[in-house]
Amino acid sequence: DKKTAAASFDKYLADYPSGIYSDAALYYSADCHAELGDSEGARSKLNTLFGLNQNKYTRRGHEKMVRLAIDSKDWPTVSSSYRMLASTATTSSQLREALTGYLTAMLESGDGGQIVDAALFIESRSDAPASLVRKAKFERAKAEQARGNRSVAVDIYHALRKNVANVEGALIDAVDDGSRGVFFHSMNPAATKVLQDMHADIWSIGNNHTMDAGVEGVISTKKI
C-alpha cells in the first residue's frame, strides 16, 4: 500500500541519500505522500529531486508539483514549474500547455512586474503559438497600464490593433470568357486604392475565390 511504500522509499533515502536510485525514490516517495494527502511531504521530496542533476524524473516531478501547488494556490511555485516544463518541452502541445499555464499562474498572482516578465518570456519564444503570443502582449499591456506606464501600454495596444482586409478574389486585369467555370470573382487592380483607403494593415487572400483566376491570378495579386 502507499503508506508502506512511502516508508520504504523514505528509508532508502535516509540510508542512501546520494544513492544510485535516489531520483526514483524521491519521485515515487513524493507520489505516495501526495496520495496519502501529505502535500507538504510530497513537495519537500520534489524540491529535493529538483536539486539533483536533471534526470528522467525531473519533468514528471514538475508536472506533479504543478498539481500540488495549484491545489494550495501557490502561484509562484506553479509558474516556476510551468516555466521549467516549457524549457524542456519536446512537442508543440507540451509547449503550449506549459506556456499557457505559466502565463495563467502569473495572472493569478496579480503581480504586475511578474506578469510583464512572463509575457516577455513568451513573446521571446519563436516557437510559441501565435495566438498565445498575442494574448501575452495584451496581458502585458494591461499590466503596464495598471502600473502607470500608459505610453508603453498604448504602444502595445496599437501594435495589436491590426486591420485585416479580405481580398475576395484575384486582383488581375482579366475578362470572364466562361473558361474558368461558373464562378469568376476577380477585381481590377485599381481596387487596391479602395483597400488603401480602408487603411488595411494586412490583406488576406485566404478565401474561396482566390483561385478563380488560376495561378496567374494569385501571382498578380501577390505582386500588387
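## Helices and the model

Helices, taken here as DSSP runs of H or I with at least four residues, are numbered from the N terminus. The model described in this report is a predicted one, and Glu123, to give one example of a residue placed by this numbering, is found in helix 7.

## Helix 2 and its surroundings

Helix 2 covers residues 22-35, and its 14 residues reach 20 Å from the first C-alpha to the last, which is close to the 20 Å expected at 1.5 Å a residue. This helix is mostly covered, since 11 of its 14 residues count as buried. The buried residues of helix 2 are Ser22, Asp23, Ala24, Ala25, Leu26, Tyr27, Ser29, Ala30, Asp31, Cys32 and His33, and what covers them includes helix 1 (2-15), helix 3 (39-50) and helix 4 (58-71).

On one side of helix 2, Ser18 has its place in the loop between helix 1 and helix 2, where it is exposed, with a relative accessible area of 74%. The C-alpha atom of Ser18 is separated by 32 Å from that of Thr91, a residue 73 places away along the chain. Just after helix 2 comes Gly37, which takes a positive phi of about 85 degrees.

## A positive phi at Lys73

Most residues other than glycine have a negative phi. Lys73, although it is not a glycine, has a positive phi of about 55 degrees. This lysine, Lys73, lies in the loop between helix 4 and helix 5, and it counts as exposed because its relative accessibility is 60%, where the cut-off for exposed is over 50%.

## Helix 5 against helix 6

Helix 5 (residues 75-87) and helix 6 (residues 92-109) pack with their axes 8 Å apart and at an angle of about 160 degrees. That angle makes helix 5 roughly antiparallel to helix 6, as angles over 145 degrees count as roughly antiparallel. Helix 5 passes helix 6 in a left-handed crossing. From helix 5, the contact is made by Trp75, Val78, Ser79, Tyr82, Arg83, Leu85 and Ala86, while helix 6 contributes Leu95, Glu97, Ala98, Leu99, Gly101, Tyr102, Ala105, Met106, Glu108 and Ser109. By class, the residues of this contact between helix 5 and helix 6 divide into 11 nonpolar, three polar and three charged.

Is Ser79 buried or exposed? Ser79, which is found in helix 5, is buried, with a relative accessible area of 4%. If its neighbours within four places in sequence are left aside, Ser79 is in contact with Tyr102, Ala105 and Met106.

## Helix 6 against helix 7

The axes of helix 6 and helix 7 (residues 112-123) come within 9 Å and cross at roughly 165 degrees, and these two helices are therefore roughly antiparallel to each other. Their crossing, that of helix 6 and helix 7, is left-handed. Helix 6 takes part in the contact through Leu99, Tyr102, Leu103, Met106, Leu107 and Ser109, and helix 7 through Gln114, Ile115, Ala118, Phe121 and Ile122. The residues of this contact of helix 6 with helix 7 divide into nine nonpolar, two polar and no charged.

Helix 7 itself has 12 residues and reaches 16 Å from its first C-alpha to its last, close to the 16 Å expected at 1.5 Å a residue. Its buried residues, those of helix 7, are Gly112, Ile115, Val116, Ala118, Ala119, Phe121 and Ile122, and they pack against helix 5, helix 6 and helix 8 (130-146).

## Helix 8 and its partners

How do helix 6 and helix 8 lie, and at what angle do they cross? The axes of helix 6 and helix 8 come within 11 Å and cross at roughly 15 degrees. That makes helix 6 roughly parallel to helix 8, because angles under 35 degrees count as roughly parallel. The crossing of helix 6 and helix 8 is left-handed. In this pair, Arg96, Leu99, Thr100, Leu103 and Leu107 of helix 6 meet Ser131, Leu132, Lys135, Ala136 and Glu139 of helix 8. By class, the contact of helix 6 with helix 8 has five nonpolar, two polar and three charged residues.

The C-alpha atoms of Glu123 and Lys135, which are 12 residues apart along the chain, are separated by 9.6 Å.

Conventions: Residues numbered from 1 in each chain as written. Predicted model: local features only at pLDDT ≥ 70, side-chain atom pairs only at ≥ 80, totals over all residues. Heavy atoms only, no water. Axes fitted to C-alpha atoms, helices over the stretch in contact; angles between N-to-C directions. Parallel < 35°, antiparallel > 145°, perpendicular 65-115°, else oblique. Left-handed = near helix turned anticlockwise from the far one by under 90°. Contact = heavy atoms within 4.5 Å. Nonpolar A, V, L, I, M, F, W, Y, C, P; charged D, E, K, R; others polar. Expected span 1.5 Å × (residues − 1). Buried < 20%, exposed > 50% of the residue type's maximum accessible area, 1.4 Å probe, protein only.
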